[in-house]
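Welcome! Here is a short briefing to read alongside the model.

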Amino acid sequence: TGAELVLSSTWRESDSTLAVVNQQLAAVGVPPCVSKTVSLLSIDGSRSAEIAQWLDNHPKVTRYVAIDDMDLLDGPRADKIEGHLVHTRSELGLTAPLADLAIRILAGA
């Protein structure tokens, strides 16, 4: 799709774990993450709030998808995630049908 990756998982919290993510992406031919969200957990935030804040700070981003095994629709600022979530199961990860859904969301279909 040409989409760029912004990391919002706990893997973003240290340079070493972010490097692992980028190495794994490179191993399958995917460019590295271009950005990461800021942790708001210390001030009663949630992942959905962190993603919403990142989107607020990047208003030119209008097409996006959040792929997560957490329920991002159950938290503050979930309105930014509604219609943009691909909810995976941690034991399965991103399956082909869910990847197709992510592509459709990005395409605005």
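A nonpolar core is a set of buried Ala, Val, Leu, Ile, Met, Phe, Trp, Tyr and Cys residues joined through side-chain atoms within 4.5 Å. Buried means under 20% relative accessible area, with a 1.4 Å probe and protein chains only. This is a predicted model, where local features need pLDDT of at least 70 and side-chain atom pairs count only at pLDDT 80 or more, while totals for chains, interfaces and linings use all residues. Residues are numbered from 1 along each chain as its sequence is written, and side-chain values use heavy atoms, leaving out hydrogens and water.

**Cores**
- The largest nonpolar core has eight residues: Ile51, Trp54, Leu55, Tyr64, Ala66, Leu72, Ile81 and Leu85.
- Helix α2 (residues 47-57) gives the most to this core, namely three residues.
- Another core, of five residues, lies apart from it and includes Leu7, Val21, Leu25 and Cys33.
- Beyond its neighbours within four places in sequence, Trp54 is in contact (heavy atoms within 4.5 Å) with Val6, Ser35, Lys36, Thr37 and Val61.

**Fold**
- The chain has three helices and four strands, which are DSSP runs numbered from the N terminus (helices H or I, at least four residues; strands E, at least two).
- From the N terminus on, their order is β-α-β-α-β-β-α.

**Overall extent**
- The C-alpha trace spans about 35 × 35 × 30 Å along its principal axes.
- Of the 109 residues, 30% count as buried.
- Among contacts between residues at least 6 apart in sequence, 43% join residues at least 24 apart.

How values were computed:
Buried means under 20% relative accessible area, exposed over 50%, partly exposed in between (1.4 Å probe, protein chains only).
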